[in-house]
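Visitor: Hello! Could you walk me through this protein chain, one question at a time?

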Amino acid sequence: HSVASSFAGAIAAALFARERSGRGQLVSTSLLRQGVYTVGFDLNMKLGWGLHPQIGMRETMGNPAINNYMAADGRRFWIVGLEGERHWPPLVRAVGHPEWLDDPRFATPLARAQNAGELIALLDAVFATRTLDEWAVIFDADSDFFWAPIHSADDVLADPQLRASGALVDVPDAYGTTTMIASPTDFHGTPWSPRWIAPQLGEHTDEVLGERRSRNG
């Protein structure tokens with residue numbers, strides 16, 4: 001799917017270039033090219049700095065302010081506190097522990113990394129005292145506190161914006177239609193919704209071969 005989407009964009013770009021320059025060009029891609037592009041961040045770390053990305057464990061994340069946590073209702077969320085000095089105070093305010101600012105275990109980014117396991121356990125206990133809706137009110141009250149809920153597949157599919165965005169398409173089948181995920185690219189002015197049921201394997205083989213024989217005499 002991702003290869004097809006990339007290829008559609010590449011073809012469109014080539015057609016635009018042809019319109020401007022009058023020269024056509026070959027466009028190609030491959031599963032390998034798309035695969036390495038998809039994990040390009042990891043591979044560029046190796047190319048640029050010789051580093052292998054490490055898989056972090058949430059219980060020992062070096063920066064506890066970039067981690068996922070669970071609220072009392074079982075719903076999870078991410079805190080995105082990339083800048084240690086800037087984002088640590090908002091987190092401290094949100095969880096109601098201002099004394100942590102002066103606690104030598106947590107007062108600096110290095111200290112928090114060294115004591116990450118202990119700090120994450122403390123944060124887990126605090127976050128388990130409220131539902132995510134309750135935490136959302138607290139989090140949103142501070143413009144320097146960056147966070148996002150972790151949505152389940154059910155959450156995403158129930159979001160009315162999903163349908164409004166064109167991300168769902170009704171595909172004809174033997175039973176009427178089935179709702180499925182649409183391709184990510186819209187070509188405005190070109191009908192993109194399926195207009196009939198997809199053919200069965202080999203359904204039109206004789207017809208296609210007959211047309212070919214007719215053309216070849």
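Guide: Gladly! One term comes before anything else: a residue is called buried when its relative accessible area is under 20%, exposed when over 50%, and partly exposed in between. Please keep in mind that this is a predicted model.

Visitor: What share of the 217 residues in the chain is buried?

Guide: Here the cut-off of under 20% relative accessible area is what counts. Applied to the 217 residues of the chain, the buried share comes to 22%.

Visitor: What is the radius of gyration of the chain, and what would a compact globule of 217 residues have?

Guide: Picture a box along the principal axes: the C-alpha atoms fill roughly 90 × 45 × 35 Å. A compact globule of 217 residues would have a radius of gyration near 17 Å, but the value for this chain is 26 Å.

Visitor: How many helices and strands does the chain have?

Guide: Some of them will come up again, such as helix α6, where Leu 119 lies. Counted over the chain, the secondary structure comes to 10 helices and 5 strands.

Visitor: Which element gives the most residues to the largest nonpolar core?

Guide: This core has 24 residues, and those touching the most other members are Phe 77, Leu 91, Trp 100, Leu 123, Phe 127 and Phe 139. Two or more residues come from each of β2 (76–80), α4 (84–95), α6 (116–127) and α7 (132–140). The top contributor, with 6 residues, is α6.

Visitor: Is Leu 119 buried or exposed?

Guide: Leu 119 sits in helix α6. Beyond four places in sequence, Leu 119 is in contact with Pro 64, Trp 88, Trp 100, Phe 106 and Arg 112. Because its relative accessibility is 0%, Leu 119 counts as buried.

Visitor: Where is Gly 202, and how far in space is it from Ile 66?

Guide: Gly 202 has its place in the loop between β5 (176–181) and α10 (205–216). With a relative accessible area of 46%, Gly 202 is partly exposed. Gly 202 and Ile 66 are 136 residues apart in sequence, and the C-alpha to C-alpha distance is 52 Å.

Visitor: How far apart are the mean positions of the positive and negative charges?

Guide: The chain carries 18 positive and 26 negative charges. Taking the mean position of each group, the separation is 12 Å.

How values were computed:
Residues are numbered from 1 along each chain as its sequence is written. This is a predicted model: local features need pLDDT of at least 70, side-chain atom pairs count only at pLDDT 80 or more; totals for chains, interfaces and linings use all residues. Side-chain values use heavy atoms; hydrogens and water are left out. Helices (H or I, at least four residues) and strands (E, at least two) are DSSP runs, numbered from the N terminus. The radius of gyration is taken over C-alpha atoms; the globule rule is 2.2 Å times the number of residues to the power 0.38. Buried means under 20% relative accessible area, exposed over 50%, partly exposed in between (1.4 Å probe, protein chains only). Lys and Arg count as positive and Asp and Glu as negative; His and the chain ends are not counted. The place of a charge is taken as NZ of Lys, CZ of Arg, CG of Asp or CD of Glu. A nonpolar core is a set of buried Ala, Val, Leu, Ile, Met, Phe, Trp, Tyr and Cys residues joined through side-chain atoms within 4.5 Å. Contact means heavy atoms within 4.5 Å.
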